[in-house]
Every structure is written in C-alpha cells, then in structure tokens.
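Here's a quick briefing to read alongside the model. Have the viewer open and follow along.

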Amino acid sequence: FHLAQVYGATKMRRLDSYGWSRLGAAFACIPICSPFLVLGVPFGIWALYVLADPDVKAAFELNKNKDDA
C-alpha cells in the first residue's frame with residue numbers, strides 16, 4: 001500500500017496518471033495503510049477533493065495529450 005501511495009503521489013505531481021493519483025490518495029485515507037497515520041487521512045481527503053476538480057482533470061488530459069503528440 002505504501003508503494004502505491006508514493007507511486008500515486010509521484011504521478012499526481014507530474015500529472016502523469018489520473019487513475020494512479022486517485023488510487024494513491026484513496027489509500028492515504030485508510031489509516032492503517034498510511035505511513036503517517038494521522039496525516040494520511042486529511043491529506044488523502046484533500047487530494048481526492050483536488051483531483052475531483054474539473055480543471056485538474058483537464059490538466060491531466062492536456063498533459064496526456066501533450067505526451068501522445
């Protein structure tokens with residue numbers, strides 16, 4: 001689980017993979033899965049909230065299309 005969180009966070013930072021970003025954020029919301037127990041839940045919820053923003057989704061799509069070109 002920890003590796004999925006780190007991988008998802010890296011993908012989120014680089015706008016590489018929306019799916020992995022959401023998965024990493026979701027794993028952070030599960031207290032037993034988070035390496036920082038107390039901090040994982042609020043940051044995971046915040047990340048899911050940010051990832052739900054249409055502008056953020058558009059940024060992932062734009063980056064995906066840029067890489068394909």
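**Core and surroundings**

Skipping neighbours within four places in sequence, A47 is in contact (heavy atoms within 4.5 Å) with M12 and A25. Keep in mind that this is a predicted model, where local features need pLDDT of at least 70, side-chain atom pairs count only at pLDDT 80 or more, and totals for chains, interfaces and linings use all residues. Numbering runs from 1 along each chain as its sequence is written, and side-chain values use heavy atoms, with hydrogens and water left out.

**The nonpolar core**
- A25 and A47 turn up again in the largest nonpolar core, which has 5 residues, the others being L51, V56 and F60.
- Such a core is a set of buried (under 20% relative accessible area, 1.4 Å probe, protein chains only) Ala, Val, Leu, Ile, Met, Phe, Trp, Tyr and Cys residues joined through side-chain atoms within 4.5 Å.
- The elements giving two or more residues to this core are α3 and α4 (54–68); helices here are DSSP runs of H or I, at least four residues, numbered from the N terminus.

**Around L48**
- L48 sits in helix α3, residues 37–51.
- Beyond its neighbours within four places in sequence, L48 touches R22, A25, A26 and C29.
- C29 is 19 residues from L48 in sequence, with 9.2 Å between their C-alphas.

**The L15 loop**
- L15 lies in the loop between α1 (2–14) and α2 (18–28).
- L15 isn't a glycine, yet has a positive phi of about 55°.
- Most residues other than glycine have a negative phi.
- L15 is partly exposed, at 29% relative accessible area.

Note on methods:
Buried < 20%, exposed > 50% of the residue type's maximum accessible area, 1.4 Å probe, protein only.
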